[in-house]
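Thank you all for making time this morning. I would like to walk through one structure with you, taking a few residues at a time and asking where each of them sits.

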Amino acid sequence: MSEYWKHWLQAAGVRALKTIAQTAIATIGTNAMLGDVNWIAVCSASLLAGLLSLLTSIAGLPEVDKETYVSKH
């Protein structure tokens with residue numbers, strides 16, 4: 001695996017994990033206000049958000065510009 005793809009996977013992974021955490025916090029907060037946290041819904045929404053984040057990253061990550069990255073390394 002090239003250095004570019006290693007860097008891309010790391011950046012996309014970090015972005016997806018942040019999205020998962022943010023979604024979980026928002027979903028837990030919303031459910032807690034209603035009185036009961038539905039953990040299945042929290043996990044489902046969070047994992048879907050993480051998947052969507054990875055798919056969005058395919059369009060490009062500003063921190064991993066292929067042209068700049070290749071010319072630097």
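Let me begin with a question: where is the place of Asp65? Asp65 lies in the loop between H2 and helix H3, the latter covering residues 66-72. Before I go further, please keep in mind that what you see is a predicted model.

Tyr4 takes us to the aromatic rings. How many aromatic pairs does a search of the whole structure find? The search finds 2 of them. In the pair made by Tyr4 and Trp5, the ring centres are 5.0 Å apart and the planes stand at 80 degrees, so this pair is described as edge-to-face. The other pair is formed by Trp5 and Trp8, which is also edge-to-face, with 5.9 Å from centre to centre and 65 degrees between the planes. Trp5 and Trp8 both belong to helix H1, which runs over residues 3-34, and they are 3 residues apart, which is about one turn of the helix. Taken together, the ring pairs link Tyr4, Trp5 and Trp8 into a cluster.

Let us turn to the charged side chains. How many salt bridges does the count come to? The count comes to 2 salt bridges. In one of them, the side chains of Glu3 and Lys6 meet, with a distance of 3.7 Å from N to O, and both residues lie in helix H1, 3 residues apart, or about one turn of the helix. Glu3 is partly exposed at 49% relative accessibility, and Lys6 is partly exposed at 43%.

The salt bridge between Glu63 and Arg15 has an N to O distance of 3.1 Å. This pair links distant parts of the chain, since Glu63 is in the loop between H2 and H3 while Arg15 is in helix H1, 48 residues apart. Glu63 counts as partly exposed, with 39% relative accessibility, and Arg15 is likewise partly exposed, with a relative accessible area of 32%.

I would next like to compare two threonines. Thr19 is found in helix H1, and at 22% relative accessibility it counts as partly exposed. What is Thr19 in contact with, once we leave aside its neighbours within four places in sequence? Its contacts are Ala49, Gly50 and Ser53. For Ser53, which is 34 residues from Thr19 along the chain, the C-alpha atoms of the two residues are separated by 7.0 Å.

Thr27 is also found in helix H1, but here the relative accessible area is 17%, and because this is under 20%, Thr27 is buried. The side chain of Thr27 reaches the backbone oxygen of Thr23 at 2.7 Å. When neighbours within four places in sequence are again left aside, Thr27 is in contact with Ala41, Val42 and Ala45.

Finally, let us look at the surface. Which residues form a nonpolar patch there? The patch is formed by Leu48, Leu51, Leu52, Leu55 and Ile58, and together these residues have about 490 Å² of accessible area. Leu52, to take one of them, has its place in helix H2, which spans residues 39-58, and at 45% relative accessibility Leu52 counts as partly exposed.

To close, I would ask you to find two features again on the model: the cluster of Tyr4, Trp5 and Trp8, linked by ring pairs, and the salt bridge in which Glu63 and Arg15 meet.

Key: Residues numbered from 1 in each chain as written. Predicted model: local features only at pLDDT ≥ 70, side-chain atom pairs only at ≥ 80, totals over all residues. Heavy atoms only, no water. Patch = residues over 30% accessible without salt bridge, like charges linked within 9 Å, V, L, I, M, F, W, Y side chains within 5 Å. Areas by Shrake-Rupley, 256 points an atom, 1.4 Å probe, with all protein chains shown as cover. Salt bridge = Lys/Arg side-chain N within 4 Å of Asp/Glu carboxyl O. Helix = DSSP H or I, 4+ residues; strand = E, 2+ residues; numbered from the N terminus. Buried < 20%, exposed > 50% of the residue type's maximum accessible area, 1.4 Å probe, protein only. Phe/Tyr/Trp six-rings, centres within 6.5 Å; stacked < 30°, edge-to-face > 60°. Polar contact = N/O pair within 3.5 Å; in protein donor to acceptor, adjacent residues only side chain to side chain. Contact = heavy atoms within 4.5 Å.
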